[in-house]
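User: I'd like to go through this one with you. Could you start with the terms you'll be using?

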Amino acid sequence: MVRTQIYLTREERDSLAALARATGKKQSELIREAVDQFVEKSGAQRRRALIKKGAGIWKDRNDLPDFRALREEWDRR
């Protein structure tokens, strides 16, 4: 692990200390859990944004084959 120093407001520090006492976990453990959740959520949001940005990027291309017709050829009848 890497040691990192952060600044908290007095209210954040007091709330974190109370949560640590209530859960029996160390404050550092609670902070790591919160960071992990934030990173996971942010990653999912970035992926959704990239997918949304990429939607329709081929819509105006006319050099691609007719995928619907190709698919119909592959479908069993």
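Analyst: Exposed means over 50% relative accessible area and buried under 20%, with partly exposed in between. Please keep in mind that this is a predicted model.

User: Okay, which residues of α1 are buried?

Analyst: Leu16, Ala17 and Ala20 are the buried residues in α1, and they cover an arc of only 100° around the axis, which places them on the same side of the helix.

User: Why would residues a few places apart point the same way?

Analyst: An α-helix has 3.6 residues a turn, so residues three or four places apart point the same way.

User: What do the buried residues of α1 pack against?

Analyst: The buried residues of α1 pack against α2, the helix that covers residues 27-54.

User: And which exposed residues are on the face turned away from the buried side of α1?

Analyst: That face carries Glu11, Arg21 and Ala22, which are exposed.

User: What span should α1 have, going by its residues?

Analyst: Helix α1 has 14 residues, 10-23, and at 1.5 Å a residue these should span 20 Å; the C-alpha atoms at its ends are 20 Å apart, in agreement with that expectation.

User: What follows α1?

Analyst: Gly24 follows α1, and its phi is positive, near 75°.

User: Switching to charges, how many salt bridges are there in the whole structure?

Analyst: A search of the whole structure finds four salt bridges. One of them joins Asp14 to Arg13, with the closest N and O atoms 3.1 Å apart; Asp14 is partly exposed, at 38% relative accessible area, and Arg13 is likewise partly exposed, at 41%.

User: Which residue does Lys25 pair with?

Analyst: Lys25 forms a salt bridge with Glu33, where the closest N and O atoms are 2.9 Å apart. Lys25 is partly exposed, with a relative accessibility of 31%, and Glu33 is partly exposed as well, at 27%.

User: Last topic: which residues make the nonpolar surface patch?

Analyst: Val35, Phe38 and Val39 make that patch, which has an area of about 300 Å². Val39 has its place in helix α2, and α2 is also what the buried residues of α1 pack against.

Notes:
Residues numbered from 1 in each chain as written. Predicted model: local features only at pLDDT ≥ 70, side-chain atom pairs only at ≥ 80, totals over all residues. Heavy atoms only, no water. Salt bridge = Lys/Arg side-chain N within 4 Å of Asp/Glu carboxyl O. Buried < 20%, exposed > 50% of the residue type's maximum accessible area, 1.4 Å probe, protein only. Patch = residues over 30% accessible without salt bridge, like charges linked within 9 Å, V, L, I, M, F, W, Y side chains within 5 Å. Areas by Shrake-Rupley, 256 points an atom, 1.4 Å probe, with all protein chains shown as cover. Helix = DSSP H or I, 4+ residues; strand = E, 2+ residues; numbered from the N terminus. Expected span 1.5 Å × (residues − 1). Arc of directions from axis to C-beta. Contact = heavy atoms within 4.5 Å.
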